[in-house]
Structures are given as C-alpha cells and as structure tokens.
Amino acid sequence: MKSALICGKNGNIGGALFKHLTAKNIATIGTTNHTPSDNHTIHLNLADDPSSWNLSQHPVEVAYLCSGICRMNLCEQDPTNTHKVNVTGMTALIKQLADAGTFIIYLSTNQVFDGVEPFAKENQTHKPKNEYGKQKAAVENFIRAHCARYAIVRLTKVVEPNMALIKNWMDLLTERQPLKAFHDMPLAPVSLRQVIETLTLIGEKQVTGIYHISGAEDVSYFTIASHLAQKLKSSRYLVQSTSALDAKKKKNFLPQFTSL
C-alpha cells in the first residue's frame, strides 16, 4: 500500500489510523467535515452533493471509510437525515472510489446482527434490530453488489484509555467517588491498537472479503468498571451495578451478545 484515503480523519479510529499510516511513510490524505487544517486533509461532507467532492484530484490505492453518524440514538430519532449521510452519501462515495479502481475498506458493526447468539459469523444473515444497524447493513449490501475489490470490517466496541466513558470512570475512581455501570449492556471490547494494526494489514494485503475484529468474549460494562477499579487499586464497592433498561435505554440497543 503506497497511498491511502481516510474518510473521517477527525474520528477516534480515523485519527489514530492517519497517524499510524503516516508514520509508515504511506502517502495519506484525510477527510473532514470542517475546514481543513493542513495540506494532508480535504473537505468532504457526506451530506453534500457528490459532485463537490473532487476525489479525482486525490487518487489513492486504498480508501478507509470511517466517517458517518455513529450515534445510535440519533439514527433512531432522525432516520431520514442520518440515512442521507450513512447510506445515500456513503454509497455515492463508494461508487466514485470503486469506479476509480480504489480498494474499499468499509468499517461496519456487530449491530447488523440481532445478538441472539454469541460469535456471529462473517457469512451470517443480517438481522439488525435498530436503525443504525439497518443503515450499516444497507451499505454492506451495496458494496457486495457493486464493488469488485473491498473489505467489509465489522467491529465490536473499541475501548481505550482516552475513551470519554473510561476517562470519567478513572477520574471518579481516583477521587474515590462512586460510579454506576450497566450490568445488562454487553460488549466484546477490542483495543484501538488491535483495530489499527488489523486495518493496516487488510490495506496491505487487499484481499476481498468480510472481516471481524472482536473481543474474545462478551462482558458487561459493570465488569469493565470493576476491573478498572481493581487496576487502580480502588475499592470495588465504588462500582455500583445499575440497569440499562431502568436508565431508559431502548431494548433494541441491548443485544444479548455482541461478540463476532
């Protein structure tokens, strides 16, 4: 891989991937919804008319598609406008890149499945339970139908120290303050480092297919918080178990399993 485009450079994964590829001396261009801050960033908004993107001026070998609206609540509350970005805009972008011969790497999610069973397989049928999962599944279907060279990469929850929730928990535990964590919301945590290394390898190999990056097992947020308390040598009694359902979390956001 000699050149790459990272759509969504301002995001957690996109930003880390941009730094990683740049450090490997790969000619890398990132996209942002905002005003570009350097010569290695271009403006691209998935809600805009595709004719305004000017991608032909920045030909690349591989495109990592990390952009879009990933807030599940927002997708549920405003399916029309989020669909415009996550599906209409994204598929238009994919078509432009694919027509130029670019290898497509699309970041998807475990939410394309219903979570009834653990360790969903790569070839398993889509059964999304929420709008976010439906939008991701729609783009996956488009890619498989219209692209010859692609990698669909489904991720479970990416957890790392700079994650806002983890930082908040660490601050509370350090100050010996109690925190509440859901015992009925599962995740299969995977590290940001593992995601970046795997995405880089996929870009280097450019083998068409569907890939899963998942934690080894499903655990609860309460389990993660309790483990963090142990690592910080704080009292485990500071971590209080609470219910996601009682906190008004929608049932279709709470699969029984998230592991892939």
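A residue is called buried here when its relative accessible area is under 20%, exposed when that area is over 50%, and partly exposed in between, with a 1.4 Å probe and protein chains only. This is a predicted model, in which local features need pLDDT of at least 70 and side-chain atom pairs count only at pLDDT 80 or more, while totals for chains, interfaces and linings use all residues. Residues are numbered from 1 along each chain as its sequence is written, and side-chain values use heavy atoms, with hydrogens and water left out.

The protein chain is built from seven helices and 13 strands, where helices (H or I, at least four residues) and strands (E, at least two) are DSSP runs numbered from the N terminus. Its C-alpha trace spans about 55 × 35 × 30 Å along the principal axes. The radius of gyration, taken over C-alpha atoms, is 19 Å, which agrees with the value near 18 Å that a compact globule of 260 residues would have; the globule rule is 2.2 Å times the number of residues to the power 0.38. Of the 260 residues, 48% count as buried. Among contacts (heavy atoms within 4.5 Å) between residues at least 6 apart in sequence, 74% join residues at least 24 apart. The accessible surface, from the Shrake-Rupley method with a 1.4 Å probe, comes to about 13400 Å², and 50% of this surface belongs to carbon and sulfur atoms.

The charges come next. Lys and Arg count as positive and Asp and Glu as negative, whereas His and the chain ends are not counted; each charge is placed at NZ of Lys, CZ of Arg, CG of Asp or CD of Glu. On this basis the protein chain has 28 positive and 21 negative charges, whose mean positions are 3 Å apart. Side chains of opposite charge can pair when their charged atoms come close. Where a side-chain nitrogen of Lys or Arg lies within 4 Å of a carboxyl oxygen of Asp or Glu, the pair is called a salt bridge, and the count comes to five salt bridges.

One of these joins the side chains of Lys9 and Asp38, at 3.2 Å from N to O. Because Lys9 lies in the loop between β1 (3–7) and α1 (12–23), and Asp38 in the loop between β2 (27–32) and β3 (41–43), the pair ties together parts that are 29 residues apart in sequence. Lys9 counts as buried at 15% relative accessibility, whereas Asp38, at 31%, is partly exposed.

Another salt bridge is formed by Lys24 and Glu204, whose closest N and O atoms are 3.7 Å apart. This pair links distant parts of the chain, with Lys24 in the loop between α1 and β2 and Glu204 in helix α6 (residues 192–205), 180 residues apart. Lys24 is partly exposed at 40%, and Glu204 is partly exposed at 37%.

Helix α3 (residues 79–99) holds both Asp99 and Lys95, four residues apart, about one turn of the helix, and their side chains meet in a salt bridge at 2.9 Å, N to O. Asp99 is exposed, with a relative accessible area of 57%, while Lys95 counts as partly exposed at 47%.

Val85 also lies in helix α3, and with a relative accessible area of 13% Val85 is buried. Leaving aside neighbours within four places in sequence, Val85 is in contact with Leu46, Ala47, Gly68, Ile69 and Met90. Val85 and Ile29, which are 56 residues apart in sequence, are 21 Å apart in space, C-alpha to C-alpha.
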